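Work through the exercises below with the structure open beside you. Try each task before you read its solution.

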Amino acid sequence: MNSLLLKKVLLGLSLSTVLLLAGEQFSMSEADKAMYEELKENNPADMNVEEGMELFEELGDEAALAKFLEVDEKKLAEYIAGFPRYITKMGNVVGLDQVLQVMQMEEGGKKDALSSESMINLLAYVRSLANDLPINIDIKENKEMEASHALGEKLYLEERGYRGLSCNSCHSLPGTILRTQILPEMGAQNTGGTWPAYRMTLSEVVTLQERSRTCMRDAGQAPLPLGSKEMIALEVYITNLAKNNKHQIEIPGLKR
Ligand code: HEC
């Protein structure tokens, strides 16, 4: 990153934010590193995925999901590797969790909130059906996907909030060091393919959207609502970065 931008990023953060981030996410102590290595062998989120599997069995099965999505069951995993997608009958570009919500509504007239643990577990399981497949989001598939990607790119680059920071201020910068922390370049590190993920600092499983909301708050931006057009657009953009880096779906992720 050029030094002017770096200065802006550093000045943008109040001291208290830097300290908070330093404790929370900017540093990984030796003990944390050891824990990370250990958890990689045995990700606590595997339990959530299992719970999600049970919830999914109650909701239907792969055949029911394939039918809902109007795809051949044999192509279901591949199709899942392409979300967020434009779903004609929903009239929107949506996340996989929003599809599951509609299935829940059709089945029992009730749906789990996007922020609920049950929905996060369900999402983690259903997305894991596409594990080891290449991310295949197609931002050219139709005009809705094109528009969503364009909006996501705009939001990613736009400076928002009183600190004047964009996502790109911090995240476009491979290998840049902000105080001692190497900032993650989202495409290179497969951000689009690794959430829901277990966050060691929170001891819980979090979605990409919820993780992004944490960054928005830290950066002094009003967090976008889960499942909103804007949030989905950001997810489309971030997922496409991972696709451009030829990544695969790897659920559940393990993160600081
Ligand atoms: C002030 C710098 C800063 C800004 C601005 C920022 N982030 Fe972050 N972001 C970080 C840091 C630091 C991490 C975590 C690094 C770590 O723990 O490895 C992170 C992590 C993430 C992750 C998880 C990446 C992964 O796969 O591990 C996502 C998703 C994310 N940010 C989304 C966003 C979005 C969306 C925006 C814009 C709305 C944004 N961030 C703005 C600093 C920032």
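Predicted model: local features only at pLDDT ≥ 70, side-chain atom pairs only at ≥ 80, totals over all residues.

Residues are numbered from 1 along each chain as its sequence is written, and side-chain values use heavy atoms, with hydrogens and water left out.

**Exercise 1.** Find where the second largest pocket lies, and say why.

Solution. 
Step 1: learn the term. On a 1 Å grid over the protein atoms alone, a pocket is an open set of points with protein on both sides within 12 Å along at least five of seven lines, and lining residues have an atom within 4 Å of a point.
Step 2: find the lining. It has 14 residues, and N92, V93, E144, S148 and K229 lie nearest the pocket's centre.
Step 3: name the elements. β2 (92–94), α9 (143–157) and α12 (229–244) each supply at least two lining residues. α9 gives the most, with four. Helices (H or I, at least four residues) and strands (E, at least two) are DSSP runs, numbered from the N terminus.
Step 4: Domain 1 (3–41 + 138–255) and domain 2 (45–128) both give residues to the lining, so the second largest pocket lies between them. The domain bounds come from an automatic or database domain assignment.

**Exercise 2.** Describe the lining of the largest cavity.

Solution. 
Step 1: learn the term. A cavity is a set of grid points where a 1.4 Å probe fits but cannot get out.
Step 2: locate the lining. Of the 16 residues that line it, L96, D97, L123, Q209 and E235 are the closest to its centre.
Step 3: sort the residues. Nine are nonpolar, four polar and three charged. Here Ala, Val, Leu, Ile, Met, Phe, Trp, Tyr, Cys and Pro count as nonpolar, Asp, Glu, Lys and Arg as charged, and the others, Gly among them, as polar.

**Exercise 3.** How do α5 and α7 lie to each other: parallel or perpendicular?

Solution. 
Step 1: take the axes, which are lines fitted to C-alpha atoms over the stretch in contact, with angles from 0 to 180 degrees between N-to-C directions. The axes of α5 (residues 62–69) and α7 come within 11 Å and cross at roughly 105°.
Step 2: classify. Angles of 65 to 115 degrees count as roughly perpendicular. α5 and α7 are therefore roughly perpendicular to each other.
Step 3: list the contact (heavy atoms within 4.5 Å). A64, L65, F68 and L69 in α5 meet V99, V102, M103 and E106 in α7. Seven of these contact residues are nonpolar, none polar and one charged.

Key. Parallel < 35°, antiparallel > 145°, perpendicular 65-115°, else oblique.
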